[in-house]
Amino acid sequence: MSNPSLLILPGDGIGPEVMAEVRRIIDWMSERRGIRFDVSEDLVGGCAYDAHGTPLTDATMEKAQQVDAVLLGAVGGPKYDDLDFSVKPERGLLRLRKEMDLYANLRPAQCFDALAEFSSLKREVVAGLDIMIIRELTSGVYFGEPRGVVVENNERVGINTQRYTESEIARVARSAFELARRRSNKVCSMEKANVMESGVLWRDVVQEVHDAEYPDVELSHMYADAGAMQLTRWPKQFDVIVTDNLFGDLLSDLAAMLTGSLGMLPSASLGAPMANGRPKAMYEPVHGSAPDIAGQGKANPIACILSFSMALRYSFDLGAEADRLEAAVEKVLADGLRTADLMGPEGGSPVSTQDMGSAIIKALDESL
Ligand code: IPM
Ligand code: MG
């Protein structure tokens, strides 16, 4: 049988340097665990625009459709701010999500005990926090038509459309219920059914899928604004949160910040199962390309490494290896190792991206 295949798209800014640490872990798995991947690498985002005049070539898109999983670093940077919308780095990312039909975006917000102090909230509010936001990723206002800027009555009008079909809501609701069954069996669905018709439909369909297929899961509904408030008030009341594309974008940033550092958070974007039974999948850190620190060896590679760990778990059925990798990350944090983003106001001496990678590999060695 051939090895599972991985397409690595490091992208822009700190993407390449954090991805380099993931490649070292992939090498470690091959050498020390006999788990081999066929890895190929390609361009996405600004670097693809520089090379080819487009943030994602058709050839790269085609490759992404073929592999078992895509691992993406980050896209974007100030250099590309003035580009036309259609060739902005972010369009590359959005095209991957849309054409691979990666409708369920899993964004865990987990507070590492050693880092609870970094949250802007009190330790008791965030310590031990472990929630999962499932954001619908291929529809809603991000993609709805009509859209654009038009002129009406001598003034410009900006238009975007929130639009959800029943089946789009039902499939992401199923993802949430399935995941909840493997966690604390609790789902909270968030929308704005008080002002949006699409929110009313969202609430109805989530409830229908629940009643017909997942009556054993505890389901609640919340308006998304109240959800934001509850997430900051007492986030541990939640386990799985399922919500639409735009609310999910906002709420997942909020949840990320609860944990203290964006540099720590991975994500998985999953679609329907392929012929081999694996879901179509792309894994990426939640943080962006951080152009201000790019190329300086300051970036925290942990979010990207934990994204690879999610790939082990959700694409390759290697849950035990994912546990091992996550334990190694926890170990180095407990030992006090910190990249620059994890320095408190009192400062200290941060380790480099590479040093953090080396320490995690050492912890992996010690786990054998
Ligand atoms: C995210 C980002 C993207 C989004 C951008 C980069 C297009 O904010 O993944 O959360 O809005 O979806
Ligand atoms: Mg976002």
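This is a predicted model: local features need pLDDT of at least 70, side-chain atom pairs count only at pLDDT 80 or more; totals for chains, interfaces and linings use all residues.

Me: Ok, so is Trp 202 buried or exposed?

Reply: Trp 202 has a relative accessible area of 2%, so it is buried.

Me: And where does Trp 202 sit?

Reply: Trp 202 is part of helix H7.

Me: What does Trp 202 touch, skipping its neighbours within four places in sequence?

Reply: Quite a list. Among its contacts are Glu 136, Tyr 164, Ile 169, Val 172, Ser 189 and Met 190. Glu 191, Val 242, Thr 243 and Asp 244 are in contact with Trp 202 too.

Me: Let's talk rings. How many aromatic pairs are there in the whole structure?

Reply: A search of the whole structure turns up four aromatic pairs. One of them is formed by Tyr 164 and Trp 202, with 5.3 Å centre to centre and 75° between the planes, an edge-to-face arrangement.

Me: Which parts of the chain does that pair link?

Reply: Distant ones: Tyr 164 is in the loop between strand S7 and helix H6, while Trp 202 is in helix H7, and the two are 38 residues apart. Tyr 164 is buried as well, because its relative accessible area is 8%.

Me: What about Phe 177 and Tyr 214, how are those rings arranged?

Reply: Phe 177 and Tyr 214 are stacked, with 5.1 Å from centre to centre and 25° between the planes. This pair also bridges distant parts of the chain, with Phe 177 in helix H6 and Tyr 214 in the loop between H7 and strand S9, 37 residues apart.

Me: Why do Phe 177 and Tyr 214 count as buried?

Reply: Phe 177 counts as buried because its relative accessibility is 1%. Tyr 214 is at 5%, so it counts as buried too.

Me: H6 and H7 keep coming up. At what angle do their axes cross?

Reply: The axes of H6 and H7 cross at roughly 50° and come within 9 Å. That makes H6 oblique to H7. The crossing is right-handed.

Me: Which residues meet there?

Reply: From H6, the residues include Ile 169, Ala 170, Val 172, Ala 173 and Phe 177. On the H7 side, Leu 201, Trp 202, Val 205, Val 206 and Val 209 are among them.

Me: New topic: which charged ends sit over rings?

Reply: The charged end of Lys 98 sits over the ring of Phe 143, 4.7 Å from its centre. Likewise, the charged end of Arg 135 sits over the ring of Tyr 142, at 5.2 Å from the centre.

Me: Last one: where is Leu 43?

Reply: Leu 43 lies in the loop between strand S2 and helix H2. Its relative accessible area is 29%, so Leu 43 is partly exposed.

How values were computed. Residues are numbered from 1 along each chain as its sequence is written. Chains are lettered from A and ligands numbered from 1 in the order in which they are written. Side-chain values use heavy atoms; hydrogens and water are left out. Rings of Phe, Tyr and Trp (its six-membered ring) pair if their centres lie within 6.5 Å; planes under 30 degrees apart count as stacked, over 60 as edge-to-face and the rest as tilted. Helices (H or I, at least four residues) and strands (E, at least two) are DSSP runs, numbered from the N terminus. Buried means under 20% relative accessible area, exposed over 50%, partly exposed in between (1.4 Å probe, protein chains only). A charge sits over a ring if NZ of Lys or CZ of Arg is within 6 Å of the ring centre and within 35 degrees of the ring normal. Axes are lines fitted to C-alpha atoms, for helices over the stretch in contact, and angles run from 0 to 180 degrees between N-to-C directions. Angles under 35 degrees count as roughly parallel, over 145 as roughly antiparallel, 65 to 115 as roughly perpendicular and the rest as oblique. A crossing is left-handed if the near helix is turned anticlockwise from the far one by less than a right angle, and right-handed if clockwise. Contact means heavy atoms within 4.5 Å.
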